[in-house]
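This briefing is intended for a reader who is new to the structure shown below.

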Amino acid sequence: MTPSKKSRKPRPDKSQPLLRQLAAVPETLFAGAFRQQYGALCFRHGNAGSEVEILVITSRESGRWVIPKGWPMKGKKPFEAAAIEAWEEPGVRGVVKKKPVGRYTYLKELDNGDVAPCIVDMFQIEVTDISGDFKERGQRILEWVSPDEAARRVREIELKSLLVQFEANGRRKRDRG
């Protein structure tokens with residue numbers, strides 16, 4: 001008697017873009033609630049303080065441009081988790097705003113191949129210290145770019161909007177009086 005195979009859920013074809021993969025298995029997207037993440041919008045003042053530069057990094061898996069972000073951490077407030085991600089992923093520290101300056105959504109591909117919709121609350125960090133020795137050194141490319149260039153590089157539409165409207169004091173350009 002041969003053992004029966006467990007029925008396997010269909011897996012998306014990894015050679016296709018993410019949205020096309022999801023279209024093949026829509027139950028993956030709608031199976032659970034949105035998951036929370038915290039992101040670090042790291043910036044510094046360039047050109048003698050007249051320009052703002054945003055830190056963008058590549059993801060470890062796909063190499064696409066992203067900002068530092070991660071899952072909630074037990075015993076840490078959201079802004080603290082964002083600061084830890086900013087240290088572990090690109091090796092930067094600085095002054096962290098305790099209130100989010102915005103949020104965006106995206107689809108996260110999990111290690112098991114499932115896709116989880118995520119909401120990322122963004123915390124502004126004015127970078128004061130940059131280290132060459134950090135946890136994910138050598139696994140990512142880091143670049144300081146203008147807010148407009150950062151917006152061009154990232155994939156998520158809502159994040160693009162946050163970056164284009166970025167101002168160092170936490171207000172959006174259109175909110176100025």
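Arg-60 is partly exposed, with a relative accessible area of 48%, where buried stands for under 20% relative accessible area, exposed for over 50%, and partly exposed for values in between (1.4 Å probe, protein chains only). Its partner Glu-136 forms a salt bridge with Arg-60, the closest N and O atoms being 3.9 Å apart. The model is a predicted one, in which local features need pLDDT of at least 70 and side-chain atom pairs count only at pLDDT 80 or more, whereas totals for chains, interfaces and linings use all residues. Residues are numbered from 1 along each chain as its sequence is written, and side-chain values use heavy atoms, with hydrogens and water left out.

**Salt bridges**

- A salt bridge is a side-chain nitrogen of Lys or Arg within 4 Å of a carboxyl oxygen of Asp or Glu; by this rule the count comes to 10 salt bridges.
- Glu-136 lies in the loop between strand E7 (115-130) and strand E8 (142-145), and Arg-60 in the loop between strand E2 (51-58) and strand E3 (65-66), so the pair ties together parts that are 76 residues apart in sequence.
- Glu-136 is buried, at a relative accessible area of 7%.
- Glu-156 and Arg-64 also meet through their side chains in a salt bridge, at 2.8 Å from N to O.
- Because Glu-156 lies in the loop between helix H4 (147-153) and helix H5 (157-164) and Arg-64 in the loop between E2 and E3, this pair ties together parts that are 92 residues apart in sequence.
- Glu-156 counts as buried, with 6% relative accessibility.
- A further salt bridge joins Arg-140 to Glu-89, with the closest N and O atoms 3.7 Å apart.
- This pair links distant parts of the chain, 51 residues apart: Arg-140 is in the loop between E7 and E8, and Glu-89 is in the loop between helix H3 (78-88) and strand E5 (92-96).
- Arg-140 and Glu-89 are both buried.
- A network of salt bridges links Arg-60, Glu-89, Glu-136 and Arg-140.

**Strand pairing**

- Two strands pair if DSSP finds at least two bridges between them.
- Strand E1 (residues 35-46) runs parallel to E7 and is joined to E7 by nine bridges; Ala-40 stands opposite Phe-123 in E7.
- E5 pairs with E7 in the antiparallel sense over five bridges, and Val-92 stands opposite Ile-130 in E7.
- Strand E6 (residues 102-109) and E7 run antiparallel and are joined by eight bridges; here Tyr-106 stands opposite Cys-118 in E7.
- E6 and E7 form a hairpin with five residues between them, and Gly-113 in the turn has a positive phi of about 95°.

**Overall figures**

- The protein contains five helices and eight strands, where helices (H or I, at least four residues) and strands (E, at least two) are DSSP runs, numbered from the N terminus.
- Along the sequence, the pattern reads α-α-β-β-β-β-α-β-β-β-β-α-α.
- The protein has 177 residues, of which 40% count as buried.
- Among contacts (heavy atoms within 4.5 Å) with a separation of 6 or more, 67% are between residues 24 or more positions apart.
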